[in-house]
Amino acid sequence: MKTAYDSIMQIAKRPDIVFELGEGSWLIDSQGNRYLDFIQGWAVNTLGHCPPEITEALTKQATRLINASPAFYNGPMVECADMLVKHSVFDQVFFANSGAEANEGAIKLARKWGKVNKNGAYKFITFNGAFHGRTLTTMAASGKAAFAPMFEPKTPGFTKVDYNDLAAVEAAIDDQTVAIMLEPIQGEAGVIPAEKAFMQGLRKLADEHNLLLVVDEVQTGVGRTGHMFGYEAFGIEPDVMTLGKGLGGGVPISALLAKSSCCVFEPGEQGGTYNGNPLMTSVALAILTRLAEPDFMPMVNARSEQLTKELDALSAKFGLGKVRGMGLILALDTGTLDANVISAKCMERRVLINAPQTHALRFVPALNLTEAEITQMVSTLDEVMTEMTAA
Ligand SMILES: *Cc1c(COP(=O)(O)O)cnc(C)c1O
């Protein structure tokens, strides 16, 4: 049957809603209906929809310079890289356009490092449940069961072990291993945090075996955990980090950051048409500038506490499972209730919540949302769960 959307490739089941406007925590459709958004493009819109920080950076930069060429320096590119270096443990930055592309870059960088420093070692240890992107190589790095049979043959060189199982990591290390790569909190897997001892153990293993520790912070970076970067919560320093999603707050930009000892690319080995594009780097700079203000992280952590408390109360009321995560990347274990049904019923009530797993709801709202917005979302969940448990 022909529909109004026939010219769009069907890569996801989409509802028949067309969104036209966004403001803060709210999305407004073509009929004028307002939706409370706890998905925010999957943890992308750091400051909510159309925040003044982004619209000002975009409009200002759009009249100055949109694209010079990745072969030239430009002001926002340099300022943004300086800002990232200043607020992290890394020394240099390569900008790209998507999380997957930043992760591809990290894998290439580690392979080059292995060639220079470790007899051509090239293998990565990655984790069951991991999500690193949708290019062939990042799909190979991912530990999503559904990806395994797709688009074979994929890139070789990824050994997968269980998350939070240090002994399994150690057992998987061989002469060809060059790096361990993980998300500090597995997002797509349903917000599963790494244990602190595990992360510290990985750092130790990496040091003992001369491996790079690569953190994929595409989802956890840029304030999402209540820290500027997620690794800060674990008391370790990674060698390499990737950022995406929240770095652009809604515009496409990602970054690969590394300690100077790992910055082994030579001219011709890495690049990309839009890397360091001033329009996008000016936006990332504006977001980082806002997040670095002293009031910001305490505000994120206050909202995190509130959301955790309200979800805990809900869990107690309906006999659900635990709240997990950190900052404003939280999940509620829905116990016996189907999270997809909850998500659909919330959508009918114009509240957007994502269900990454059958028994997990994920909350990744704007980091600057209000107390009232949290309370409103939780009261909708209460309504939906009341209805589901009565039936
Ligand atoms: C979303 C995500 C990616 C992929 O980012 P894209 O911009 O979609 O390519 C990679 N890693 C993690 C942890 C993510 O959450």
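This short talk walks through the fold of one chain, from its overall dimensions to a few individual residues.

Before the details, please keep in mind that this is a predicted model, in which local features need pLDDT of at least 70 and side-chain atom pairs count only at pLDDT 80 or more, while totals for chains, interfaces and linings use all residues. Residues are numbered from 1 along each chain as its sequence is written, and side-chain values use heavy atoms, with hydrogens and water left out.

Let me begin with the chain as a whole. Its secondary structure comes to 11 helices and 17 strands, where helices (H or I, at least four residues) and strands (E, at least two) are DSSP runs numbered from the N terminus. The radius of gyration is 21 Å, close to the 21 Å that the globule rule gives for 391 residues, so the chain is as compact as a globular protein of that length; the radius is taken over C-alpha atoms, and the rule is 2.2 Å times the number of residues to the power 0.38. Taken along the principal axes, the box that the C-alpha atoms fill is roughly 65 × 55 × 50 Å.

Of the 391 residues, 52% count as buried, and by that word I mean under 20% relative accessible area, with exposed meaning over 50% and partly exposed in between (1.4 Å probe, protein chains only). The chain exposes about 17400 Å², of which carbon and sulfur atoms supply 55%; such areas come from the Shrake-Rupley method with a 1.4 Å probe, and for residues only the protein chains shown count as cover. If we take contacts (heavy atoms within 4.5 Å) between residues at least 6 apart in sequence, 71% of them join residues at least 24 apart.

Which strands does β7 pair with, and in what sense? Strand β7 (residues 177-182) pairs in the parallel sense with β5 (residues 123-127) over three bridges, and four bridges join β7 to β10 (residues 212-216), again running parallel. As for cover, six of the six residues of β7 are buried, and four of the five residues of β5 are buried.

Turning to a helix, Ser-304 has its place in α9 (residues 296-318). Is Ser-304 buried or exposed? Ser-304 is buried, with a relative accessible area of 9%, and, not counting residues up to four places away in sequence, it touches Met-326, Gly-327, Leu-328 and Leu-330.

Finally, some backbone geometry to look at with care. Most residues other than glycine have a negative phi, and most peptide bonds are trans. Ala-43, in helix α1 (residues 40-43), has a positive phi of about 65° although it is not a glycine, and Ala-43 is buried at a relative accessible area of 2%. Val-222 likewise has a positive phi, near 60°; it lies in the loop between β10 and β11 (240-243) and is buried, with a relative accessible area of 3%. Where is the cis peptide bond? That bond joins Glu-152 and Pro-153, with omega about -5°, and Pro-153 is found in the loop between α5 (136-141) and β6 (158-161).

Note on methods
Two strands pair if DSSP finds at least two bridges between them.
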